[in-house]
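Let us take a walk through a protein model together. Please have the sequence and the 3D view open as you read.

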Amino acid sequence: MELKEAILGRRSIRGYLQEPVSQETIHGVLELATRAVSALNMQPWELTVVTGAPLDAIRERNIEDLRAGVPFDVPEPEFGGAYRTRRVAIAKQLFKAMDIQREDKARRTWWLERGFRFFDAPVLVLILEDTTVDPLVSRLDIGCLTQNLCYAAMAYGLGTCVQSQAVMLQRGIREVLSLPEDRRPAVGIALGYPDPGFPANQVVSTREDVAQITQWVGF
């Protein structure tokens, strides 16, 4: 797959086949992913890959906490202006694809809970940050690693969905994985073979025209 093709073809996958992904395949993805840009070659990241019963246990705890109204460990940020407009636009695209009506609270709740179940993907990749490193330093590198992982997955026929929801509730993650206190889950990535029949997988988010966001100087 050509790089340009991958960039233009990549999309968030929110429906997966229940087909296991081998450790060997995931290892190949991670080998490519960890070639990501890293300032001063610090590589301020660690990876935890979860599947099977441990992943199911994390899902269950997430849904328990979500239904109980447990406060998020990582609060959902509030955005206004163009940021909110773009966020609402993709939500409308997804709800239309999934035939979720605005007044259908049950279906909207179902969709929300799917996110906290990592869209029932067979694999969850957690990227951990070292709390002793300034997030301004580590998170740029983690972002580069995350994008590399998404494109590397495509080379193996896999799909991904990068999720802040994956780390908003952390009781299950910490209990099941026994994470040390100085390691903080920064982002989670759902990983698996895409379900071609799942409607939301056909949704392609829009991007602002380059002319609208770029200032050219000295040309």
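Predicted model: local features only at pLDDT ≥ 70, side-chain atom pairs only at ≥ 80, totals over all residues.

Residues are numbered from 1 along each chain as its sequence is written, and side-chain values use heavy atoms, with hydrogens and water left out.

Four strands build an open sheet in the order 1-2-4-3, with antiparallel pairing. At its edges are strand 1 (46-51) and strand 3 (159-163), each of which pairs on one side only. From one strand to the next, the twist averages 25°. Two strands pair if DSSP finds at least two bridges between them. Angles run from 0 to 180 degrees between N-to-C directions, and axes are lines fitted to C-alpha atoms, for helices over the stretch in contact.

Now follow the pairing. Strand 1 and strand 2 (residues 123-130) run antiparallel and are joined by six bridges. Within this pair, Glu 46 stands opposite Leu 128, and Thr 51 stands opposite Val 123. Helix 3 (residues 52-67) packs on the sheet, where it touches strand 1 and strand 2, and its direction makes about 95° with that of strand 1. Helix 6 (residues 135-155) also packs on the sheet, touching strand 1, strand 2, strand 3 and strand 4 (183-192), and its direction makes about 160° with that of strand 2. Touching, or contact, means heavy atoms within 4.5 Å.

Strand 2 also pairs with strand 4, in the antiparallel sense, over eight bridges. Here Ile 127 stands opposite Val 187. Is strand 2 mostly buried or exposed? Seven of its eight residues are buried, so strand 2 is largely enclosed by the rest of the structure. Buried means under 20% relative accessible area, exposed over 50%, and partly exposed in between (1.4 Å probe, protein chains only).

Next come the loops. Asn 41 lies in the loop between helix 2 (23-33) and strand 1. Its phi is near 55°, a positive value in a residue other than glycine. Asn 41 is exposed, with a relative accessible area of 53%. In the loop between helix 5 (105-116) and strand 2 you will find Asp 120. Asp 120 has a positive phi of about 55° although it is not a glycine, and it counts as partly exposed at 23% relative accessibility.

Back in helix 3, look for Asp 65. Why does Asp 65 count as buried? Because its relative accessibility is 8%. Not counting residues up to four places away in sequence, Asp 65 touches Val 70, Leu 169 and Arg 171. Asp 65 and Leu 169 are 104 residues apart in sequence, yet 7.5 Å apart in space, C-alpha to C-alpha.

Our last stop is the second largest pocket. It holds about 190 Å³ of space. Of the 16 residues that line this pocket, the closest to its centre are Gly 9, Arg 11, Ile 13, Gly 159 and Pro 194. Helix 6 and strand 3 are the elements that give two or more residues to the lining. A pocket is an open set of points on a 1 Å grid over the protein atoms alone, where a 1.4 Å probe fits, with protein on both sides within 12 Å along at least five of seven lines; lining residues have an atom within 4 Å of a point. Grid points are joined across faces, edges and corners, and a volume is the space filled by probe spheres set on the points.
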